[in-house]
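This report walks through a structure chain by chain, for a reader who has the sequence and the coordinates at hand. Please keep both in view while reading.

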Amino acid sequence: MRPMAQMAMVMNLDKCIGCHTCSVTCKQAWTNRSGMEYVWFNNVETRPGLGYPRTYEDQDTWQGGWVRKGNGRLTLRSGGRWKKLATIFSNPKLPGIEDYYEPWTYDYETLLNSPATQTFPVATPKSLITGKDINIRWSANWDDDLGGSLEHATRDPMLKGIEDKVKFEFEQTFMFYLPRICEHCLNPSCAASCPSGAIYKRSEDGIVLVDQDKCRGWRMCVSGCPYKKIYFNHRTGKAEKCTFCYPRIEVGIPTVCSETCVGRLRYLGLVLYDADRVLEAASVENDHDLYEAQRSILLDPDDPEVRREAERAGIPADWIEAARRSPVHKLINTYKVALPLHPEYRTMPMVWYIPPLSPVVDVIKDTGHDAEDRHNLFAAIDTLRIPVEYLANLFTAGDTAPVDSVLRKLAAMRSYMRDINLGRDPDDSIPESVGMDGESLYEMFRLLALAKYDERYVIPTAHVEQAHALEELATECALDYDGGPGMMGESGPFGEGSGELTPVAVENFQMLKQRQTADSMSGARSAESGGEDSGRGRLRGRLNLLNWDGKGSPTGLFPKRSPEEDE
Amino acid sequence: MDTFLWVVFPYICLAVFVVGHYWRWTYDKFGWTTRSSQLYENRLLRWGSPLFHFGMLGVIGGHVIGLIIPKSWTEAVGVSQELYHFLAVSLGGVAGLATVVGLAILVYRRRTVGPVFMATTRMDKTMYALLAAVILLGLWNTVASSIFGHYDYREGVSPWFRSIFTLQPDASLIADAPIGFRLHALLAFALFALWPFTRLVHVFSAPIGYLTRPYIVYRSRDEAREGSRAPQRGWEKAGRP
């Protein structure tokens, strides 16, 4: 046994209202730069739908992830090392900008400079790639809320095999939202595809990062990732990806997407896993066994032997303690309601999802039946095969049994809690019918419905005793070079983004220290004074959400109120 | 004049080449990239880029054999002058042709595809012009030397080239080579001088190590604690993360 710690996330899809706040704040924090206009480290897809980039799940086309060979060993689906090097001059599976979407802005100048005319002037859309006029045909979210679903959603790769059963008529359809970030896999195929070895998994917390100094722009990671969550910065010529907001995680605050999630549907915490068994679990023969295999390599932090081994492996005691309190571990392994996204890619993804019961509930409600009655819900789960099969295609490689079991637990929780809320005696046959007891069902309810900030986000801080070490993590600071945040529109002597690096973390560190030592909450006032010395000049009027803890409003988020402050 | 062109100038260029790369590596690791434009356009690149690059690999291999290996060595292993010439012209011609066709496609693409042209820097344009000139001259030499009058560069250019590296430069060896060869050599050295300041630096990042390194790279955040300089090797053996 070789325990390693992994920072993981669980998203409770029942609570996602598809507001895209996570996407927007993530973009604001990380990809609000030239070269990254088309990039969303976090995006929210409507399912059924094509996703972003379009049909990324169709691995027959994109060839991402791993595949099990006849001899039981794993190989990259797009080919081994020699094939990678042979196709390095032109990656045959690289999505083009048109597969994401061509980013654009509007020509606002015409609005401002237009003389008085009979008709309103129009701000025409301009492509951010060519600078020319653009006819907008697609975006990261074109099929949001099943928009144009007859044309688009029917091409969803996950509908393969059930396409004739899925209805897109308004009354009979179902949908839910799927927020996606990088999966920070245990067996990342992006890292395996990188010819330069620039993508690495941090051994402390398992966060997968791109070393910007080592990346040479070979583009193999983009096609290697089956989730298409590595993006090519077309100005700097380097790969960039979701960083799990590591500068925040290191100091114990949640990622921007989690922090700003309106539905509070994200959970962050550690899991311990057995690094010796990752490959074995990723190589099980039957796709349907992958979910169980992936669950089984996660170690139980309450087991004294695991803790002994973890300590021996150098995992600090407070991290082991955090792993015991981890909501993620509870949802995955104690209650077994969280499922991995596409385990069949064999990358061992570490962002887990609680599948949504709401498509089922909605159907019952529409028929006029009691949608909180256990029998109605169970019967509906059994008869409404379409949502279940569809969810199984997403989360369990098509095996409906685990999805069924999760939905039943959620249904049982619903009806069990109704009795309690109405002051009736709780019916213990309900938890028994899904193999749980009343107390754990109640605990699960608490975690899913009531859990407060520090229960949802259990994040042990990184062990860096000296502040200056935080300041100079230059090899890991992917984004603060020229061309990084705060450097928009500037060009070094050898093309976009070349030149000496500006160590980053100076800015983050100063702001954090300021926030942590301030007497008041980091509201508008304190942030303003802090902004003057650390943020303002460096950010050039833009906004840094990396250090925002959700309290107050950071400076620059809203225009100033009082007129005399206006310049 | 001959001394300047065939002794001083090459040394200046080589010095710029070496020092320039060292400087670029320390100053601008972030800018050290292929700066691929495949994201913008793939239809032309799919043909042009492999043609050019594989052709180029052949061309470089040919130059290594032609310039570095003395004539006496190949003759010692029984490669006659005729056989050598036939191989050089045929294989070199094929590689050269692939390179030129690839280059033509890529230059056409760079000029006509809007986003690609917009992403082209002044340095790129200079480099493209120089590189194209060197390649075209090289191909011309191969063709011309076999059609009109014969010039055995292995008696003139190659010893001169080697003499530079043995620090006993002898300008007289190349001084009476045909003009095509002399221009090719001069421009090639000019290209060497420009090299460290262009995207050509990606040649030295050819990811050979990929063949032997473990698939998954683990790295500790502690490694960065020493300072801002990256550790020499970006990965550890999979056995000890």
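## Overall build of chain A

In chain A, 72% of the contacts with a separation of 6 or more are between residues 24 or more positions apart. The model is a predicted one, and the descriptions below should be read with that in mind.

Chain A has 567 residues, of which 60% count as buried, and its secondary structure comprises 24 helices and 17 strands. The chain exposes about 22,600 Å², and carbon and sulfur atoms supply 51% of that area.

## A mixed open sheet in chain A

Chain A contains an open sheet of 5 strands, arranged in the order β13-β12-β1-β15-β14, with mixed pairing. Its edge strands are β13 (298–299) and β14 (339–340) of chain A, each of which pairs on one side only.

Strand β12 of chain A, which spans residues 266–274, is joined to β13(A) by 2 bridges, and these two strands run antiparallel. At the residue level, A:Tyr273 stands opposite A:Leu298, a residue of β13(A). As background to such an arrangement, strands of a sheet pair through backbone hydrogen bonds, either parallel or antiparallel.

How many disulfides does the structure hold over all chains? The number is 0. A:Cys22 is in no disulfide, and the nearest cysteine sulfur, which belongs to A:Cys19, is 6.3 Å away; a disulfide would require the two sulfur atoms to lie within 2.5 Å. A:Cys22 is also buried, with a relative accessible area of 8%.

A:Cys194 is likewise in no disulfide, the nearest cysteine sulfur being that of A:Cys221 at 6.1 Å. With a relative accessibility of 8%, A:Cys194 counts as buried.

## Annotated histidines of chain B

An unreviewed UniProt entry lists B:His53, B:His63, B:His184 and B:His202 under "binding site". Among them, B:His63 is found in helix α2 of chain B, which covers residues 45–68. Is B:His63 buried or partly exposed? Its relative accessible area is 37%, so B:His63 is partly exposed. When its neighbours within four places in sequence are left aside, B:His63 is in contact with B:Ile68 and with B:His184, the latter being another of the histidines listed in the UniProt entry.

B:His202 is placed in the loop between α9 (179–194) and β1 (218–219) of chain B. At 14% relative accessibility, B:His202 counts as buried, because the cut-off for that class is under 20%. Not counting residues up to four places away in sequence, B:His202 touches B:Trp32, B:Thr33, B:Thr34 and B:His53, together with A:Trp218 of chain A.

## Annotated transmembrane spans of chain B

According to the unreviewed UniProt entry, the annotation "transmembrane region" covers residues 6–23, 44–69, 84–108, 128–151 and 171–195 of chain B. Over residues 84–108 of chain B, the model is 100% helix and 0% strand, and the end C-alpha atoms of this span lie 35 Å apart.

What share of residues 171–195 of chain B is helix, and how far apart are the end C-alpha atoms? This span of chain B is 80% helix and 0% strand, with its end C-alpha atoms 24 Å apart.

Methods:
Residues are numbered from 1 along each chain as its sequence is written. Chains are lettered from A and ligands numbered from 1 in the order in which they are written. This is a predicted model: local features need pLDDT of at least 70, side-chain atom pairs count only at pLDDT 80 or more; totals for chains, interfaces and linings use all residues. Side-chain values use heavy atoms; hydrogens and water are left out. Buried means under 20% relative accessible area, exposed over 50%, partly exposed in between (1.4 Å probe, protein chains only). UniProt positions are given in the numbering used here, feature names are shortened, and annotations may be inferred rather than shown by experiment. Helices (H or I, at least four residues) and strands (E, at least two) are DSSP runs, numbered from the N terminus. Contact means heavy atoms within 4.5 Å. Accessible areas come from the Shrake-Rupley method with a 1.4 Å probe; for residues, only the protein chains shown count as cover. Two strands pair if DSSP finds at least two bridges between them.
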